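Please keep the sequence and the model at hand while reading.

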Amino acid sequence: MNQTIYADWNGQRIKLTWIPGDERPDPALVTSVHGICLHQGLVLAVHVQGRGYNVPGGHVEPGETPEEAFHREALEEGSVKGIIAYLGKMEISHEENESFDPNGKYPMIGYQLFYRMDVTERLPFNREHECLSRIWVEPEEFGYVVNDHELVGQVLQEALQKDGKQG
């Protein structure tokens, strides 16, 4: 079920809509990839420098598929490897953002793709990238640790319901 909220991102009003399911947007409109990493019933949260705890994720590099990008981000930020399954997309709309720059790096309407990762390998955490720490959180406590916005909780619920061994 789609759910929409408004968020304040650096003083800008952004409309966010969680859209679960298999449908994927035009790759040119994908701004980043993120995911819920699960291991032994716990959820990975990474402490991103300057932003607090969040789920692993980031931008797709030139020549990467979104799936390759998420595997890379999970390894860089959380030092984990695993099997992933696509969960859905977050539509990021700037249509009501009075400060939107049409010549900036983001489209008027873009998408963040979300995945579930069933962690198969936990590597030593060396703080080699922008993450200061990683912790494993019980799903019921996730909202108290990762407080980016309430739609991340919807993504977690979707991840917990999906069988992660689908590829």
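## Met-117 in strand 8

A residue counts as buried under 20% relative accessible area, as exposed over 50% and as partly exposed in between, with a 1.4 Å probe and protein chains only. Because its relative accessibility is 0%, Met-117 counts as buried. Met-117 lies in strand 8, residues 109-122, where strands are DSSP runs of E with at least two residues and helices are runs of H or I with at least four, both numbered from the N terminus.

Contact is taken as heavy atoms within 4.5 Å. Leaving aside neighbours within four places in sequence, Met-117 is in contact with Ile-36, Cys-37, Leu-38, Phe-70, His-71, Ala-74, Val-80, Lys-81, Gly-82, Ile-83 and Ile-84. Arg-127, which is 10 residues from Met-117 in sequence, is 21 Å away in space, C-alpha to C-alpha.

## Basis of the model

This is a predicted model, in which local features need pLDDT of at least 70 and side-chain atom pairs count only at pLDDT 80 or more, while totals for chains, interfaces and linings use all residues. Residues are numbered from 1 along each chain as its sequence is written, and side-chain values use heavy atoms, with hydrogens and water left out.

Val-137 is placed in strand 9, residues 131-137, and is buried, with a relative accessible area of 6%. Beyond the neighbours within four places in sequence, Val-137 is in contact with Leu-42, Val-43, Ala-45, Phe-142 and Val-145. The C-alpha atoms of Val-137 and Gly-41 are separated by 8.8 Å, although these residues are 96 apart along the chain.

Glu-64 belongs to the loop between strand 6 (57-58) and helix 1 (66-78). A polar atom of the Glu-64 side chain lies 2.8 Å from the backbone nitrogen of Glu-61. Not counting residues up to four places away in sequence, Glu-64 touches His-59, Ala-69 and Arg-72.

## The chain as a whole

The chain has three helices and nine strands, which follow the pattern β-β-β-β-β-β-α-β-β-β-α-α along the sequence. Among contacts between residues at least 6 apart in sequence, 71% join residues at least 24 apart, and buried residues make up 47% of the 167 residues.

The radius of gyration, taken over C-alpha atoms, is compared with a globule rule of 2.2 Å times the number of residues to the power 0.38. For 167 residues a compact globule would have a radius near 15 Å, and the chain, with 15 Å, agrees. Along its principal axes the C-alpha trace spans about 45 × 35 × 30 Å.

Technical notes
A polar contact is a pair of N or O atoms within 3.5 Å; within protein, one must be able to donate a hydrogen and the other to accept it, and residues adjacent in sequence count only if both atoms are side-chain atoms.
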